[in-house]
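Reader: Please take me through this model. I want each label set against its cut-off.

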Amino acid sequence: MFKSLRFNIGLLCALILASAAGTLLPQAPEDLAAVEAFLVGHPGLGKVLSGLGFFDLFHSPWFLGLWAVIVLDIVLCRLIRLPVREPDGRPEDLETAAAGQPLAVKFTAQDASKAFSGITTLLRDDGYAVRRIPTGTAPLAASAEAHPLQAWGSYVSHAAMIVLLAGCLVKAFFGFNESVLAAEDGSVPVTKRPGWAVHVAAFTVERYENGSPKRFATRLAVYEHGRLVVEDEIRVNAPLSVRGLVFYQESWGVTGMWRTASLAWPDRELQLTGEVPRTDPVSGSRFSAELFASDFGITPDGRADNLTTDLRNPALRVSEQPASAKPRTWWLFRDAPGTAYLELPDGTLKEAPPPPFRLASVDPVLFSGLQVVHDPGYPLVLAGSLAWLAGMVLNFHLHRRRILVVAAPAEPGHPARVSVGGWSSRGAGAFKDDFNRLVARMREVSS
């Protein structure tokens, strides 16, 4: 069964389809919320898939069993039959063996010993490893081989596949992938590595002239049980690796908090800090700001909302307490000074003419999205990948050739006979021209 080509193709297709399903469907270890949303949206199908383990596919018994069958298939069909040297056979069969090679030729010589010596010297000079086959006194026989390591290419590649599988399983069972969000000057724990925490010492965003982000980076401090382990800058494609954990710059956004804001009149500005009320010295009104929306929107029931964490439509909720009038609550927009909303006591919004002041600036607190990866199977995956590459080089770059030479001594009334058989890992057609040239030179040294 394991030697069946159909079985092996079917086994590979089953693995590919299962892996594709695990990639397309949400996986509980990585995104439990997405799995729960799928179950709510597709209760019937979700129940079936959950029962079959599709939401934790790479740990399911049947998927691991599929891997086990593949490993067993590789061991039984390939690795237990290592490329050992085959017996040379009986002396009387060597001429038949030479004639049975894909490329074979016979010719005569005056002296078998002289012809044999000249041919083996020729093969050595041509880069072949020549091994004398013990036959007693007659006939004289030798096996010559070029690039014998090519025979190990397939075995190394198949063994590398097992190492790769082992690396993937080690990662699946002992590794993790966690996403954490940390505000500027804030700290968050690495929940899947108890005692570890990260602190965003600084976060910077560089922009193009049109305002779109050009580069963003985090000055990251990593702590273990309260002790600083390392502090360094990370950015996209430049992660930080420390003690088996790798920290990647994954995303960034606006937290909804802010540091300072500025209200501007035609002739003056008023700086706001947090929720501390500030008094305008000209009008006598007191101002404070409470809420910040990086991407302002309005809910269906008419209330303020923050649509995304992107800085697309920044707006600030400003409370105004005039000296001799009722207080008002405004939503003002940094990039749209001609638009303003009044917030009514029930929380709904009403569009209103802009007040005499505008939101001139606001300094939001950003967050850095980090991906924390622990992959203990990486050394195995790396070793398996390099071994697989080495196997491919051995298998396809090297051209293994084997030549069997048998020189039978002359008998009364007959000349000596020389039999030459050739085999190539790339087939007889790829070796035919070189083989014929070698045979032509063999005839010369045998004459």
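Author: Start with the rings: Phe296, Trp331, Phe333 and Tyr341 are linked into a cluster by ring pairs. This is a predicted model, where local features need pLDDT of at least 70, side-chain atom pairs count only at pLDDT 80 or more, and totals for chains, interfaces and linings use all residues. Residues are numbered from 1 along each chain as its sequence is written, and side-chain values use heavy atoms, with hydrogens and water left out.

Reader: Why is the pair of Phe287 and Phe357 called edge-to-face?

Author: The ring centres of Phe287 and Phe357 are 4.9 Å apart and the planes stand at 80°, so the pair is edge-to-face. Phe287 lies in strand β13 and Phe357 in the loop between β19 and β20, so the pair ties together parts 70 residues apart in sequence.

Reader: Is Phe287 buried or exposed?

Author: Buried means under 20% relative accessible area, exposed over 50%, partly exposed in between (1.4 Å probe, protein chains only). Phe287 has 1%, so it is buried. Phe357 is buried at 4%. Phe63 is buried at 3%, whereas Trp62 has 36% and counts as partly exposed.

Reader: How do you know that Arg268 lies over the face of Trp265?

Author: The test asks for NZ of Lys or CZ of Arg within 6 Å of the ring centre and within 35 degrees of the ring normal. Arg268 lies over the face of Trp265 at 4.3 Å from the ring centre. Arg193 lies over the face of Trp196, at 5.6 Å from the ring centre.

Reader: Why do β12 and β19 stand at the edges of the sheet?

Author: Strands are DSSP runs (E, at least two residues), numbered from the N terminus, and two strands pair if DSSP finds at least two bridges between them. The open sheet has six strands in the order β12-β13-β16-β17-β18-β19, with antiparallel pairing. β12 and β19 each have a single partner strand, so one side of each is left without a neighbour in the sheet. β13 and β16 pair over six bridges, in the antiparallel sense. Ser288 has Ser319 in β16 as its bridge partner.

Technical notes:
Helix = DSSP H or I, 4+ residues; strand = E, 2+ residues; numbered from the N terminus. Phe/Tyr/Trp six-rings, centres within 6.5 Å; stacked < 30°, edge-to-face > 60°.
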